[in-house]
Amino acid sequence: MSVELVFNALGEPIRRQLLETLSIQGPKTATELARSYPITRQGILKHLHVLQQAGLVSVRQHGRGKRYELSPEPLGEISHWAEAIGGRWEDRLQRLKGMMENGKETER
């Protein structure tokens with residue numbers, strides 16, 4: 001899984017909505033998904049392909065059709081990455097706060 005592919009996939013609002021739908025309603029066909037969105041089935045398939053390439057959606061053969069379902073593992077990896085970045089910034093902000101508070105105490 002490429003982080004760039006995941007971020008690219010998540011950058012489009014319809015793709016985020018598709019992931020939300022799949023997370024709430026479970027596996028769906030492209031036709032079922034297209035009923036809920038203002039784009040064609042072909043448009044939905046293009047978005048699903050991007051999500052699949054990023055590892056966010058998996059496909060299962062279901063009779064003659066395909067069902068798409070959420071694969072949340074890449075989201076967990078992105079979450080860990082974001083937490084690490086956020087943690088470093090939190091540490092910096094706490095140090096800055098300490099410096100500011102110490103500076104104020106010495107000015108008194």
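Arginine 60 is partly exposed, because its relative accessibility is 43%. On this scale, buried means under 20% relative accessible area, exposed means over 50%, and partly exposed lies in between (1.4 Å probe, protein chains only). Arginine 60 forms a salt bridge with glutamate 69. Here a salt bridge is a side-chain nitrogen of Lys or Arg within 4 Å of a carboxyl oxygen of Asp or Glu.

This is a predicted model: local features need pLDDT of at least 70, side-chain atom pairs count only at pLDDT 80 or more, and totals for chains, interfaces and linings use all residues. Residues are numbered from 1 along each chain as its sequence is written, and side-chain values use heavy atoms, with hydrogens and water left out.

## Salt bridges

The count of salt bridges comes to 2. Side chains of opposite charge can pair when their charged atoms come close.

| Pair | N to O distance |
|---|---|
| Glutamate 69 and arginine 60 | 2.6 Å |
| Arginine 67 and glutamate 32 | 3.6 Å |

Arginine 67 and glutamate 32 link distant parts of the chain, 35 residues apart. Arginine 67 sits in strand β2 (residues 65–70), glutamate 32 in helix α3. Helices (H or I, at least four residues) and strands (E, at least two) are DSSP runs, numbered from the N terminus. Arginine 67 counts as buried because its relative accessibility is 18%. Glutamate 32 is partly exposed, with a relative accessible area of 27%. In the other pair, glutamate 69 is partly exposed at 23% relative accessibility.

## The nonpolar core

The largest nonpolar core has 19 residues. Such a core is a set of buried Ala, Val, Leu, Ile, Met, Phe, Trp, Tyr and Cys residues joined through side-chain atoms within 4.5 Å. Leu18, Ile44, Leu48, Leu51, Leu56 and Val57 have the most contacts inside the core. Helices α1, α2 (13–25), α3 (30–34) and α4 (41–53) each supply at least two residues. Helix α2 gives the most, with 4 residues.

Leucine 51 belongs to helix α4. Its relative accessibility is 0%, so leucine 51 counts as buried. Leaving out residues up to four places away in sequence, leucine 51 touches Ala9, Arg15, Leu18, Leu19, Leu56 and Val57. Contact means heavy atoms within 4.5 Å. The C-alpha atoms of leucine 51 and leucine 70 are 9.2 Å apart. Along the chain, these two leucines are separated by 19 residues.

What does isoleucine 44 contact, leaving aside its neighbours within four places in sequence? Its partners are Leu18, Ala30, Leu33, Ala34, Tyr37 and Ile39.

## Helix α1

Helix α1 covers residues 3–10, and Val6, Ala9 and Leu10 are buried there. Seen down the helix axis, the buried residues of α1 fall within an arc of 95°, so they line one face. The arc is that of the directions from the helix axis to the C-beta atoms. An α-helix has 3.6 residues a turn, so residues three or four places apart point the same way.

Phenylalanine 7 also lies in α1. This residue is partly exposed, at 36% relative accessibility. Phenylalanine 7 touches Ile78 and Trp81, not counting residues up to four places away in sequence. From phenylalanine 7 to glutamate 101, the C-alpha separation is 38 Å. The two are 94 residues apart along the chain.

## A surface patch

Leu93, Leu96, Met99 and Met100 make a nonpolar surface patch of about 420 Å². Patches are made of residues with over 30% relative accessible area and no salt bridge: like charges are joined within 9 Å, nonpolar side chains (Val, Leu, Ile, Met, Phe, Trp, Tyr) within 5 Å. Accessible areas come from the Shrake-Rupley method with a 1.4 Å probe; for residues, only the protein chains shown count as cover. Methionine 99 is found in helix α5 (residues 73–107). Methionine 99 counts as exposed because its relative accessibility is 58%.
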